[in-house]
Amino acid sequence: MKRIVCLSILSFVLNDLQAQTLRRNTSYGIQYAGSVGFLSGGLYKHNAKDKLSIGLIYGFTPKNVGGPLGSLSLKVRYNPFHIKVYRNLSVEPLQVGFFLAQNFGKNIDFKWGGNYPKGYYWWGSSFRQHAFFSTQISLALPKGYFSKAALYLEANTNDLYIYSYFSNRNTISLYDIFFLGIGTRFYLREKPITKKTYHRCYDTLD
Amino acid sequence: MPMLHYITSPSLTRFAVGTSFIALAFFTTACDKFEYSPYQTDNSNRPDNLNTKNINELLSSEMESDDTVRFIFTGDSQRFYDELEDLVNKANSLPKIDFLVLAGDISDFGLLQEFIWVNEELEQLNFPYMAVVGNHDLTANGSVIYTSMFGQKNFSFTYKKHKFIFHDTNSREYNFNGSVPNIPWLGAQLRDTSAKWFIGVSHVPPFDFDFDKNLENAYKDQWAADSSFILSLHGHLHAYGDAYIYDDHVRYITTKAVGQKEFMLFELVNGKISKKMIAY
């Protein structure tokens, strides 16, 4: 939790410092579940129409819901369709992508320990590769700090589940190996550098 | 009717946040498909204390009139869900089976979802099953998951005067710290006067290189010193084996993995062992 707060504060400060360059094509995300944590927060950069985005996400799972666990992931998302439904409401029916997650936890060893001969366990002890697809609705916001807010539902699976699926075509279905997450993305509004921004910048440096 | 005009941003943000929280609250209670982490130790689908519950079910069905213990012995169900389904179907077609023993490596990667998938197959059995912990079950959060879902790693029960001693022999997972297997605990189990015969069930056999070499002698000597200890059952090797390994009266039997599509059917009558290989 501390890490999320620190990261957020840091990114906000940075945004003030280099308002125009850093704020462009940036969004923040908060997600529930989705295999990277009970709750996770991320900072994303994307191209002009958010067709392609890349994000850094930190997630945590508290003890009472199956943790304590943490994860840091890099997420790449392709979002090809933007359908304007009504005024400021859009539907983006399908996104696909992948995320690479480094998991942390008391029993999640970064690497296999020295008690094992080389190659004793063949799979990575804490690094998982996930594939996902999602669907989202978004609202363009006429004014304020954010220019757009989006709500998405995402289904993902990981390398070990896929591996389990392929050798068990009778008992394990695609439905069995995909798991859900739901999240929001808030897209920053681009702003020209103003006098006020410079003052805030100096205040921060003091 | 007046058209709803462009909604202002604060209310829109509130709407987006509000909607997501309502959706979140709904899904957290209504849906078990939301995964927090592949490594999570708990979810709404996870059963608890299966070994204890299954032992209670077995003991409550115990009949004085029948002194034969009939059980199926298999092991290493790890990532063999299709074959496990076939095993369950075959096992259910056999008459008068009391229970099934799974010799560890329930899961392959120590993940909660794997334990759940395996149990979803094995709970289709017409009789209870008990599973001992394997080395794969102790990777990642597997140890916590096994303990919550199945129970203690060392446990025992007595059925028709035969005491089955399930125990953890996955010494390598504890970096050969000298406490696994727990020799004093095993000794205490043998001092039980309510049982006439004793059977050991564990994953790694004592003659394997994953078993603590410093404990091998103490382990096999303790079994050998007790003439009522008749059988030591193991998995791990994914190979069938049946031999008197050491120069004593104890018979060591290892099972094939679930994926190799053959299990053993044991009949114990007053300490006499008969077994049959059954393909599925």
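# Helix packing and the A–B contact

User: Are α3(B) and α4(B) roughly parallel or roughly antiparallel to each other?

Analyst: This is a predicted model, with local features needing pLDDT of at least 70 and side-chain atom pairs 80 or more, while totals for chains, interfaces and linings use all residues. Residues are numbered from 1 along each chain as written, with chains lettered from A and ligands numbered from 1 in written order. The axes (lines fitted to C-alpha atoms over the stretch in contact, angles running from 0 to 180 degrees between N-to-C directions) of α3(B), residues 81–93, and α4(B), residues 112–122, come within 9 Å and cross at roughly 20 degrees. Angles under 35 degrees count as roughly parallel and over 145 as roughly antiparallel, so α3(B) and α4(B) are roughly parallel.

User: Which residues of α4(B) does α3(B) meet?

Analyst: Contact means C-beta atoms, placed from the backbone, within 7 Å; helices are DSSP runs (H or I, at least four residues) and strands are E runs of at least two, numbered from the N terminus. From α3(B) come Tyr81(B), Leu84(B), Glu85(B) and Val88(B). Their partners in α4(B) are Trp117(B), Val118(B), Glu121(B) and Leu122(B).

User: How many residues of α5(B) are buried?

Analyst: Buried means that 20 or more other C-beta atoms, placed from the backbone, lie within 10 Å of a residue's own. Helix α5(B), residues 142–149, is mostly covered, and its buried residues pack against α2 and α4 of chain B. The count is 6 of 8.

User: Which element gives the largest share of chain A's side touching chain B?

Analyst: Here 45 residues of chain A contact 39 residues of chain B. The largest share of chain A's side, 5 residues, comes from β9(A).

Terms used:
Contact = placed C-beta atoms within 7 Å. Parallel < 35°, antiparallel > 145°, perpendicular 65-115°, else oblique. Buried ≥ 20, exposed ≤ 12 C-beta atoms within 10 Å, placed from the backbone.
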